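This report describes one protein chain and its two ligands. Please look at the sequence and the structure before reading on.

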Amino acid sequence: MKINPSKCVACGNCTYVCPMGAIYIDPVIKRATVNSTECVECYACYNGLSQEKLNPVIVRTMRKVFQLMRLRFDPEPDVCPTSAFEPDELVWPRVVRRAFSDPRVPHESTGIEGRGTEEVKTNDVSDRVMVGEVGFTIEFGRPGVGVWFRDIQKACWTLAKAGVAFEKKNPITSLMSDVSTGTIKADVMGEKLMSAIIEIKVAVERTEEIVRLVWAIEKEVDTVVALGVGTRCDEKGEENVVAPILERLGYTLHRAKTNTGLGRITNVAKDKTNEPVPAGAAK
Ligand code: SF4
Ligand code: SF4
């Protein structure tokens, strides 16, 4: 994202809407400026502010005149009065910033907007996490902090060494040049994102090992890490396998989402003899 200095009137409105704190008023040129290293191309500034088309010269003059009278002439807080934002034509690899950071842009790899994954929200129809398995979402970065791909890379290498299975329908996995080693394409290493999620699954018995591995990864990366756990409930709707392990490790558990099968598969898979195949068995 760029701000055209010939249009900007330095009202400062945009500095409050940037979730990465990447916009500042440059004291030398006295115009709002985007720190392109920190900008994650989320477009919150461009889409979040109404773009008005006031004449910059007139607005600057009015602001100066009002200042002389010890008054202020400020535009409404939710507008850029002079439409000073000029989005860059994003090309590879910078374009990945936008794919991961602008929630309205679908990922090419999965077609899903935002972080580009359904996580286990659709497990009742996708069977991502089967009985006897535990799925982990390991989320890196947050607004205001972000995450560099080089830190995501460190995590992927560590997890791959532990022999985890990376979720195929996940945009981080789709950016790997070698999934077996967790190696991500080298040309995105210099890109920063608002946040991204690695998704893996392992056998339930490995739950504690993976949690401890994520704790170790957290110490190695320069961002915040949030861990989500997805598992299957038993026929009574309870979960008594993974929960005790997590509680023993010090977590207070809150059930975030429970899928109850309302999204049942209507286009039932058929086998060669045209007989319906139960969900999961067809894969
Ligand atoms: S909102 Fe527009 S005019 Fe105001 S500082 Fe930002 S870019 Fe400049
Ligand atoms: S695109 Fe997003 S990160 Fe970049 S300057 Fe605008 S609000 Fe900030």
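Glu199 is part of strand β13. The model is predicted. In this model Glu199 has 28 other C-beta atoms within 10 Å, and a residue counts as buried at 20 or more, so Glu199 is buried.

Leaving out neighbours within four places in sequence, Glu199 is in contact with Thr117, Glu119, Gly135, Thr137, Phe166, Glu167 and Asn170. Glu167 is 32 residues away from Glu199 along the chain, and their C-alpha atoms are 5.4 Å apart. Thr137, another of these contacts, has Glu199 in β13 as its bridge partner.

## The sheet around β13

Which strands make up the open sheet, and in what order? There are 4, in the order β9-β13-β7-β14, and their pairing is antiparallel. The edges are taken by β9 (165-166) and β14 (225-230); each has a single partner strand, so one side of each has no neighbour in the sheet. Strands of a sheet are paired through backbone hydrogen bonds, and the pairing can be parallel or antiparallel.

The pairs can be followed across the sheet. Strand β9 pairs with β13 (residues 196-203) over 2 bridges, and Ala165 has Lys201 as its bridge partner in β13. Between β7 and β13 there are 8 bridges, again in the antiparallel sense. Strand β7 is also joined to β14 by 6 bridges, with the two strands running antiparallel. In that pair, Phe140 is opposite Val225 of β14.

## Helices on the sheet

Two helices can be described together with the sheet. Helix α6 (residues 149-161) packs on the sheet and touches β7 (133-140) and β13. The direction of α6 makes about 5° with that of β13.

Helix α8 (residues 207-220) also packs on the sheet, where it touches β7, β13 and β14. The direction of α8 makes about 165° with that of β14.

## A hairpin and two positive phi angles

Strand β2 (residues 23-26) and strand β3 (residues 31-34) run antiparallel and are joined by 4 bridges. Asp26 is opposite Arg31 of β3. The two strands form a hairpin, with 4 residues between them. Lys30 is in the turn of this hairpin and has a positive phi of about 55°, although Lys30 is not a glycine. Is Lys30 buried or exposed? Lys30 has 12 C-beta neighbours inside 10 Å, so it counts as exposed.

Glu41 also is not a glycine, and its phi is positive, at about 60°. Glu41 is in the loop between β3 and α2 (44-48). With 28 other C-beta atoms within 10 Å, Glu41 is buried.

Thr82 is placed in the loop between β5 (79-80) and β6 (85-86). Thr82 is buried because 24 other C-beta atoms lie within 10 Å. Residues up to four places away in sequence aside, Thr82 touches Lys7, Cys8, Val9, Leu54, Pro56 and Val59. Lys53 is 29 residues from Thr82 in sequence, with 4.7 Å between their C-alpha atoms.

Pro93 lies in the loop between β6 and α4 (95-101). The peptide bond that leads from Trp92 to Pro93 is cis, with an omega near 0°.

## The two ligands

Around ligand 1 there are 13 residues, of which Cys8, Cys11, Cys14, Ala32 and Cys80 are the closest. This shell has 10 nonpolar, 3 polar and no charged residues. Cys8 is also among the residues that Thr82 touches.

Ligand 2 also has 13 residues around it, and Met1, Cys18, Cys39, Cys42 and Cys45 come nearest. How is the shell around ligand 2 made up by class? There are 12 nonpolar residues, no polar ones and 1 charged residue.

## The chain as a whole

The protein chain has 9 helices and 14 strands. Its C-alpha trace spans about 80 × 45 × 35 Å along the principal axes. The radius of gyration is 24 Å, whereas a compact globule of 283 residues would have one near 19 Å.

Of the 283 residues in the protein chain, 30% are buried. Taking contacts between residues at least 6 apart in sequence, 72% join residues at least 24 apart.

Terms used
Residues are numbered from 1 along each chain as its sequence is written. Chains are lettered from A and ligands numbered from 1 in the order in which they are written. This is a predicted model: local features need pLDDT of at least 70, side-chain atom pairs count only at pLDDT 80 or more; totals for chains, interfaces and linings use all residues. A residue is near a molecule or strand if its C-beta atom, placed from the backbone, lies within 6 Å of it. Ala, Val, Leu, Ile, Met, Phe, Trp, Tyr, Cys and Pro count as nonpolar, Asp, Glu, Lys and Arg as charged, and the others, Gly among them, as polar. Two residues are in contact if their C-beta atoms, placed from the backbone, lie within 7 Å. Two strands pair if DSSP finds at least two bridges between them. Axes are lines fitted to C-alpha atoms, for helices over the stretch in contact, and angles run from 0 to 180 degrees between N-to-C directions. The radius of gyration is taken over C-alpha atoms; the globule rule is 2.2 Å times the number of residues to the power 0.38.
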